Structures are given as C-alpha cells and as structure tokens.
Amino acid sequence: MKTKTIAACLVLVCSLVTANAMAAETNSAESIKGRLGITGEIGFLVPADNAAVSTGVVVGRGHTDTGFIGGGGLIFGILDNFAAEFQITHTGFGTDTSTDFDTTNISLGAQYRYLNLPVKKLVPYVGAGVDILINGANNGLDVDTVAGIHVKAGVDYFVMRQLALTSELKGVIAPNADIKAGGGKVGEFDPDSFSMTFGVRYFFN
C-alpha cells in the first residue's frame, strides 16, 4: 500500500511538472499588453561614410569603420500586439584619418509583435520611431545634435515567460550635422547608420 501511494504521488508530481512546462511554453509568447520589460544589447553598427577631417580642416569624404554598439532600454505593452519602447545606445567608430566619431542615440518608438505562430516561443516584430542623435568627435571638433527616424525588425525567443533572447536589425536616417572647430563650420557629419544587435529582455510581470 505504501509503495502504491508513493508511486501515485510520483505520477501526480510528474503530471503537474509536465503541465506547468507545457503551459509555460504556450504562454511565453503571449500578449504583451500591460507587461514591462528591460533590455540589454550589444552588436555592430555600420555608419555612413563621413567627411574626413584632419586638424580641423575638411580634406574630403573618408571611409568610416564598423563600430561596436551597446545599450539598453525599456519596453511596455500597450495592446496585445503593440508595445512602446525607449532605448539608449552608444557607438564609436574611426575614419581613415585621425578623426574618430561617436554617437549616443536616444530613441522612442513602437513595435508591432506577431503572436500565435507555430513556434510558440518565437515572437518576430517590426517597429519605427524617432531618434535624438548626440554626436561627437575628437581632435577638438564639435558635432551638432540632430533628430532622425528609425525602422527596425527583430525577433524575441522566450527561454521562459519572463526571459527572452532578442536579435534586431535597425536603420537610422537623419540630416547631416555640422562639424565645427573654433566656433566655425568645417564640415558635415552624416549620422545615417545600420546596426545589428543581440541581447536579452527581462519582463517584470
């Protein structure tokens, strides 16, 4: 009798664990409405070619190097498929001259998320929004801050209900920013870019 009771308990526990695991898989990619999450990401950014500047004097357009990008942000679900997103990233990159540039991007946007796909843990999304690009350079140069727009596409893969791995492609378009030295304009900086990042999202609820 004791052995049968233990066996019955084990069967019940296994059934509950299996049911919970299946429910977690089903619900991991559920509606995002009312959910708040935090994101951390790193990756690579391909900038537009920019004015080659040497000791404050523009000498022509120069090749810019691919740069490292990192940052994070917040995501909040407004509707089942729609979420608002706040994001801050920073990147720096060199040119084929002695001048290096950097950009801090503060962006606000929205996502449309595709739910109920055959792969329950997978949630692709597309998004767009506005950007404030705080630009800088070395060699004593100043670069103006400009506003731009972005479009993006990405995918979240939910390891569990509150934790997802994410990958994203993002393109930014903005007007040229003036490069200044000694208070005078010496060139222009093109802040257009294309980036690919990988990261993690954690949802608090």
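**View 1. The second largest cavity of this predicted model holds about 60 Å³ of space.** A cavity is a set of points, on a 1 Å grid over the protein atoms alone, where a 1.4 Å probe fits but cannot get out. Grid points are joined across faces, edges and corners, and a volume is the space filled by probe spheres set on the points. The model is predicted: local features need pLDDT of at least 70, side-chain atom pairs count only at pLDDT 80 or more, and totals for chains, interfaces and linings use all residues. Residues are numbered from 1 along each chain as its sequence is written, and side-chain values use heavy atoms, without hydrogens and water.

**View 2. The lining of the second largest cavity has 13 residues.** Lining residues have an atom within 4 Å of a point. Nearest the centre of this cavity lie Thr 39, Glu 41, Thr 166, Glu 168 and Arg 201. The strand β13 gives the most to this lining, with four residues; strands are DSSP runs (E, at least two residues) numbered from the N terminus. Two lining residues are nonpolar (Ala, Val, Leu, Ile, Met, Phe, Trp, Tyr, Cys or Pro), four are charged (Asp, Glu, Lys or Arg) and seven are polar (the others, Gly among them).

**View 3. The largest cavity holds about 200 Å³ of space.** Its lining has 22 residues, and Leu 45, Ile 69, Thr 89, Asn 105 and Ser 193 are the closest to its centre. With five residues, β5 (82-94) gives the most to this lining. The lining of the largest cavity comprises nine polar, eight nonpolar and five charged residues.

Key
1 Å grid on protein atoms, 1.4 Å probe; cavity = no way out; pocket = protein on both sides within 12 Å on 5 of 7 lines; lining within 4 Å.
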